[in-house]
Amino acid sequence: MSQSDRRPRVRLVDVARAAGVSKTTVSDALNEAGRLPAATREHVRRVARSLGYRPNATARLLRAGHTRLLGVAAREYVETPWVYAELAYFAQIVTATTQAALAHGYGVVLLPTYGPDDCWLDMPLDGVFVIDPVQGDPMVRDFLVAGVPVVADRRALAEAADEAREIGRWVDFDYAAAVRQVLDHLEEAGAERIAVAAGATTACFHQQTVSAYHDWCAERRREPRISFLPAPGVRQTLDAVTELLAAPVPPDALFTLVELSPPLLLDAIRRLGRSVPDNLLLVCATEDPAAGYTDPPISTLGFLPGQTAQAAVNLLVDCLEGRPGDLGRLFSADFQVRASSVAPGRRPAVASLTLG
């Protein structure tokens, strides 16, 4: 249908003119407001129907005090703008959040990672799911102070203190326990020099996983081998991996806590003269399903984007609609052991470990 074929939108003033009444009378008749005779209300409604009038849903919801819109934001690397949905984990959690919200009759708005102070408060949102909030995250605090329910992690809500008591909810993982399980697995597979690629951000995931790695190394009197990404991106991740593998005494295991395409990572490792798992064991924190189909298949540490998104939306909707429910959900990471992290001659069948 061309633009010229579309019927113009019928406005409130058009109904008022056709019904021979004022705009206020039309508004009262259609919104069950005011003190109008029943005959007047019915007359206005009949005229509105005959003209094909449809009320502005956004305006109606705003007048009612809600918009049925939920915000979603990923807060890693908040210093510069970046498209977080390009990474497998964030792409999956955004998709799952959208699906869960639609099932409850809500839409989803993706919020920017970067912008002027308080810019997000200009968006008319009923609730917000903040993924990987940074330390002292102003987004979490600002929404809670404004009376907008928020789902984040436990640290963010603890930092928000009083503001979070009534309308703050959380979904979380024991990141330290998950990392220790992976490191123990690599040690049992024979690794003595385990290197880690991690993000240089104050998001809880990165702070807790890096801290767990340092603690694990200190307990075994091993020197940490870690390279930090100053910003997200393929180039930055490849540079970090290259730095680690080019060390004078190279690592015999690599654990990436930043996402990268598994086939691309394997190709980069081979170009650097290493072979997985023959002289380099490999585990990746990723949600990319390609990890299970590479040669060799890559062991992965996953953080259940579908399940956490569903829980976050349920927590928000229960809060918004006044239903009693949980204040939070603690999930277990999913460690999929594959050939990339088991020394040759010791390869088991694919295993799945649930980590607390």
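Let's start with helix H2, residues 23-30, whose buried residues are Thr25, Val26, Asp28 and Ala29. Buried here means under 20% relative accessible area, exposed is over 50%, and partly exposed falls in between, with a 1.4 Å probe and protein chains only. Helices (H or I, at least four residues) and strands (E, at least two) are DSSP runs, numbered from the N terminus. Those four residues cover an arc of only 165° around the axis, which puts them on the same side of H2; the arc is that of the directions from the helix axis to the C-beta atoms. What do they pack against? The buried residues of H2 pack against helix H1 (12-19) and helix H3 (38-51), where contact means heavy atoms within 4.5 Å. After H2 comes Glu32, with a positive phi near 55°.

A quick word on where this comes from. This is a predicted model, in which local features need pLDDT of at least 70 and side-chain atom pairs count only at pLDDT 80 or more, while totals for chains, interfaces and linings use all residues. Residues are numbered from 1 along each chain as its sequence is written, and side-chain values use heavy atoms, with hydrogens and water left out.

Now to the sheet. Six strands form an open sheet in the order E2-E1-E3-E4-E5-E11, with parallel pairing. Two strands pair if DSSP finds at least two bridges between them. Which strands stand at the edges? They are strand E2 (107-110) and strand E11 (328-331), each with a single partner strand, so one side of each is left without a neighbour in the sheet. On average, neighbouring strands of this sheet are turned by 15° against each other, direction ignored. For angles in general, axes are lines fitted to C-alpha atoms, for helices over the stretch in contact, and angles run from 0 to 180 degrees between N-to-C directions.

Inside that sheet, strand E4 (residues 150-152) and strand E5 (residues 168-173) run parallel and are joined by three bridges. Ala152 stands opposite Trp170 in E5. Helix H6 lies across strand E1 (69-74), E3, E4 and E5, and runs at about 155° to E4.

Next, strand E8, residues 253-256. Is E8 covered on both faces or on one? Both: Ala253 and Phe255 on one side, and Leu254 and Thr256 on the other, are all buried. Strand E6 (residues 194-199) runs parallel to E8, with four bridges joining them, and Leu254 is the bridge partner of Ala195. Four bridges also join E8 to strand E9 (residues 281-285), again parallel, and there Leu254 stands opposite Leu282. From E8 the chain crosses through helix H11 (residues 262-271) to E9, in a right-handed β-α-β crossover. Right-handed means that, with the strands pointing away from the viewer, the path from the first strand over the helix to the second runs clockwise.

On to the core. The largest nonpolar core has 78 residues, and those with the most contacts inside it are Phe129, Leu186, Phe255, Leu282, Leu301 and Phe303. A nonpolar core is a set of buried Ala, Val, Leu, Ile, Met, Phe, Trp, Tyr and Cys residues joined through side-chain atoms within 4.5 Å. Apart from it lies another core, of 18 residues, among them Leu125, Val140, Leu144 and Val150. In soluble globular proteins, nonpolar side chains tend to be buried together.

Let me zoom in on one pair. Not counting residues up to four places away in sequence, Phe129 touches a list of residues including Val72, Thr97, Val151 and Ala309. Thr97 sits in helix H5 (residues 88-103) and is buried, with a relative accessible area of 2%. Leaving aside neighbours within four places in sequence, Thr97 is in contact with Val72, Val108, Phe129, Ala309 and Val313.

Finally, some backbone details for those of you who check torsions. Most residues other than glycine have a negative phi, and most peptide bonds are trans. Asp132, not a glycine, has a positive phi of about 50°; Asp132 lies in the loop between strand E3 (127-131) and helix H6 (138-145), and is buried at 10% relative accessible area. Leu304 also has a positive phi, near 50°, and lies in the loop between E10 and helix H12 (305-320).

Where are the cis peptide bonds that I'd like to show you? One runs from Val276 to Pro277, with omega near 0°, and Pro277 lies in the loop between H11 and E9. Another joins Asp295 and Pro296, with omega about 0°; Pro296 is in the loop between E9 and strand E10 (299-302).
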